[in-house]
Amino acid sequence: MLRRRPAYEKFVDSSFRTIAISMASMVALILVAILIVVFWGSLESMGRYGWKFLVTSNWNPVDDEYGVLTAIYGTAITSLLSLLIAIPLGVGTAIFITESFIPTRAKNIIGVMIELLAAIPSVVLGLWAIFVMEPFLRPLLSFLYIYFGWIPFFSTQPMGPGMTPAILILVVMILPIITAISRDSLNQVPISLRQAAYGVGATRWSTIINVILPAAISGIAGGVLLALGRAMGETMAVTMIIGNSNNFSWSLLGPGNTIAAMLANQFGEADGTQVSSLYYAAFILMVITLAVNIISQWMVKRLSLKY
């Protein structure tokens, strides 16, 4: 016979359900509220500049001429290139510490170091990039300029802060995210899959490439796209090392800008149309970030169904 539930138990269940729905709805409402506020603040600039705002790079508060092409290019190129470098490093590190290549104690030490790297404040990483990483990289970047300067991406002489140091500091910042999520995804793969692969004569690397990685690919893809969102929205470290130049250039060796860095640099002193233009730029960044998240959810679901 079914047990009759007392009234207080039903009350606790219904209260928990109500609270859970309320908290989830609050997250959605906050997101919508932020979008509305940013969109409302950008209406003046939208009406004045329209789509021209996205394809021009002139940012001149004196003449009220604004364009965000340089910042969009900087946001896209720094995020994508940092992701391109961080994916093999992060996934490779995750494989290294989950597949018994080294003793358990050493794996635990590496895992703790990765988590500590994620805990370093971005302003500290920015200072390290300015005083340590950029001077160390300058001879290599000068070599690229001297011998490959005919390529548009290396056509600017490196003189200090620039796009390349910003890309590398983003690699440092998103590497712990990719590594940690990839490690957890690989650890969730059933041990029976490994044993079955070894049982039919597969080598260790054949098992990793053909069995374990496909089984964990949905979680790894989710971590990669989460890291992409972090790279696109990173502010302080990039602001300190990218050079904050609004002059458009294809070169990765010269100074550049990102939307987040531009907002951090200018919003405190902006007035008039410049404020609305910064809101417009922020709205563009939010739309891009939301699009990345939607695509990531779709990809994770498709990969989950496939594997």
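A: UniProt positions are given in the numbering used here, feature names are shortened, and annotations may be inferred rather than shown by experiment. The unreviewed UniProt entry lists "domain: ABC transmembrane type-1" at residues 72-296. The model is predicted: local features need pLDDT of at least 70, side-chain atom pairs count only at pLDDT 80 or more, and totals for chains, interfaces and linings use all residues. Residues are numbered from 1 along each chain as its sequence is written, and side-chain values use heavy atoms, with hydrogens and water left out.

Q: What is the helix and strand content over residues 72-296?
A: Helices (H or I, at least four residues) and strands (E, at least two) are DSSP runs, numbered from the N terminus. Residues 72-296 are 76% helix and 0% strand.

Q: Where does H3 bend?
A: A bend at a residue is the angle between axes fitted to the seven residues ending there and the seven starting there. H3 bends by about 35° at alanine 86, and proline 88 follows within four residues. Just after H3, serine 100 has a positive phi of about 60°.

Q: Which residues line the second largest cavity?
A: Rolling a probe the size of a water molecule over the atoms shows where empty space is left. On a 1 Å grid over the protein atoms alone, a cavity is a set of points where a 1.4 Å probe fits but cannot get out; lining residues have an atom within 4 Å of a point. The second largest cavity is lined by Thr75, Thr78, Ser79, Leu170, Ala231, Met232, Glu234, Val238 and Thr258. H3 gives the most to this lining, with 3 residues.

Notes
On a 1 Å grid over the protein atoms alone, a cavity is a set of points where a 1.4 Å probe fits but cannot get out, and a pocket is an open set with protein on both sides within 12 Å along at least five of seven lines; lining residues have an atom within 4 Å of a point.
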